[in-house]
Amino acid sequence: MSALADGEPLIRWSWIGDHTDELTTLTLHHLKLALLPILFGLIIAIPLGIVCVRWRWLYPPTLGVANVLYGVPSLALFMLFIPYFGIGSGGKADFTIILPLTLFSLSVLVPNVVDGLRSVPDPVRQAATAMGFGTLRRLVQVELPIAVPVVIAGARVATVASISLVSVGVLIGNGGLGQLFIDGYARDFTTPLLVSCVLIIVLALFSDGVLVTAQRLLTPWARTRRSNG
């Protein structure tokens with residue numbers, strides 16, 4: 001870039017100080033666009049995974065549909081939702097990004113929910129049944145807690161992918177921190193480009209850390225087992 005050829009520094013720190021409010025707004029908006037799809041994805045994937053475990057014949061076609069959707073280029077899928085939610089940033093237009101990313105997340109979340117539930121040992125199910133647990137109570141109090149580590153492992157992968165894919169939305173006017181890519185490229189200015197990359201990486205690491213912490217809180221028996229070992 002010409003800024004580097006002219007001897008300018010790689011990052012202009014004064015620009016960061018002058019745009020703190022804008023960076024904060026873009027970061028929070030990026031986080032919203034990335035995390036709501038994971039939340040919606042889990043709301044869909046958990047009952048769908050339970051159904052696929054109960055009726056095994058449903059799993060192959062369900063996984064096939066999820067994988068086909070994941071194979072569609074993100075920008076193409078974003079554009080399919082433009083007639084319904086419009087373009088731009090904020091309000092209803094955010095769903096042009098959120099809903100496609102929700103569909104993308106299912107290709108990771110559904111298999112992990114199914115694998116997590118299938119990882120519950122049969123003796124554990126039988127013991128719960130012998131103790132008088134009904135099907136629903138056994139699912140909620142026994143099977144889902146045991147499946148938590150596998151489900152959260154999928155959520156971690158889906159979250160990092162979602163945080164990355166949000167930036168593509170800048171091509172339809174709504175990409176969170178991706179807006180800095182366009183601004184930096186248009187002005188031949190490296191600082192916004194580098195700052196956006198760093199912030200996206202920080203968001204991914206932060207979100208992953210939150211999910212790891214949530215897993216530890218939801219599976220206290222795992223910490224006890226490790227400490228006893």
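Q: What makes the contact between Lys32 and Asp94 a salt bridge?
A: In this predicted model, the N to O distance between the two side chains is 3.0 Å. The cut-off for a Lys or Arg nitrogen and an Asp or Glu carboxyl oxygen is 4 Å, so the contact qualifies. Lys32 belongs to helix α3 (residues 20-54), whereas Asp94 sits in the loop between α5 (74-85) and α6 (95-118). The two residues are 62 residues apart, and the pair links distant parts of the chain.

Q: Why is Asp94 called buried?
A: Its relative accessible area is 1%, and buried means under 20%, so Asp94 falls in that class.

Q: Which class does Lys32 fall into, and why?
A: Lys32 has a relative accessibility of 38%. That value lies between 20% and 50%, so Lys32 counts as partly exposed.

Q: How do you know that Arg125 and Glu143 form a salt bridge?
A: Their closest N and O atoms are 3.2 Å apart, which is within 4 Å and therefore meets the criterion. Arg125 is part of helix α7 (residues 122-130) and Glu143 is part of helix α8 (residues 135-165), so the bridge ties together parts 18 residues apart in sequence.

Q: Are Arg125 and Glu143 buried or exposed, and why?
A: Arg125 has 15% relative accessibility and Glu143 has 8%. Both values are under 20%, so both residues count as buried. Arg125 and Glu143 also belong to a salt-bridge network with Asp122 and Arg138.

Q: What makes Asp208 and Arg156 a salt bridge?
A: The closest N and O atoms of Asp208 and Arg156 are 2.7 Å apart, and this is within 4 Å, so the pair is counted. Asp208 lies in helix α10 (residues 190-218) and Arg156 in helix α8, so parts 52 residues apart in sequence are tied together. Arg156, at 29% relative accessibility, counts as partly exposed.

Q: How many salt bridges does a search of the whole structure find?
A: The search finds five salt bridges.

Q: How many aromatic pairs does the structure hold?
A: There are four aromatic pairs.

Q: Why is the pair of Phe85 and Phe95 called tilted?
A: The centre to centre distance is 6.0 Å, with 35° between the planes. Phe85 lies in helix α5 and Phe95 in helix α6, 10 residues apart in sequence. Phe81, Phe85 and Phe95 form one aromatic cluster.

Q: Which accessibility classes do Phe81, Phe85 and Phe95 fall into, and why?
A: Phe81, at 18%, is under 20% and therefore buried. Phe85, at 22%, and Phe95, at 31%, lie between 20% and 50%, so they are partly exposed.

Q: Where does Arg137 lie relative to Phe133?
A: Arg137 lies over the face of Phe133, 3.9 Å from the ring centre. That distance is within the 6 Å limit.

Methods
Residues are numbered from 1 along each chain as its sequence is written. This is a predicted model: local features need pLDDT of at least 70, side-chain atom pairs count only at pLDDT 80 or more; totals for chains, interfaces and linings use all residues. Side-chain values use heavy atoms; hydrogens and water are left out. Helices (H or I, at least four residues) and strands (E, at least two) are DSSP runs, numbered from the N terminus. Buried means under 20% relative accessible area, exposed over 50%, partly exposed in between (1.4 Å probe, protein chains only). Rings of Phe, Tyr and Trp (its six-membered ring) pair if their centres lie within 6.5 Å; planes under 30 degrees apart count as stacked, over 60 as edge-to-face and the rest as tilted. A charge sits over a ring if NZ of Lys or CZ of Arg is within 6 Å of the ring centre and within 35 degrees of the ring normal.
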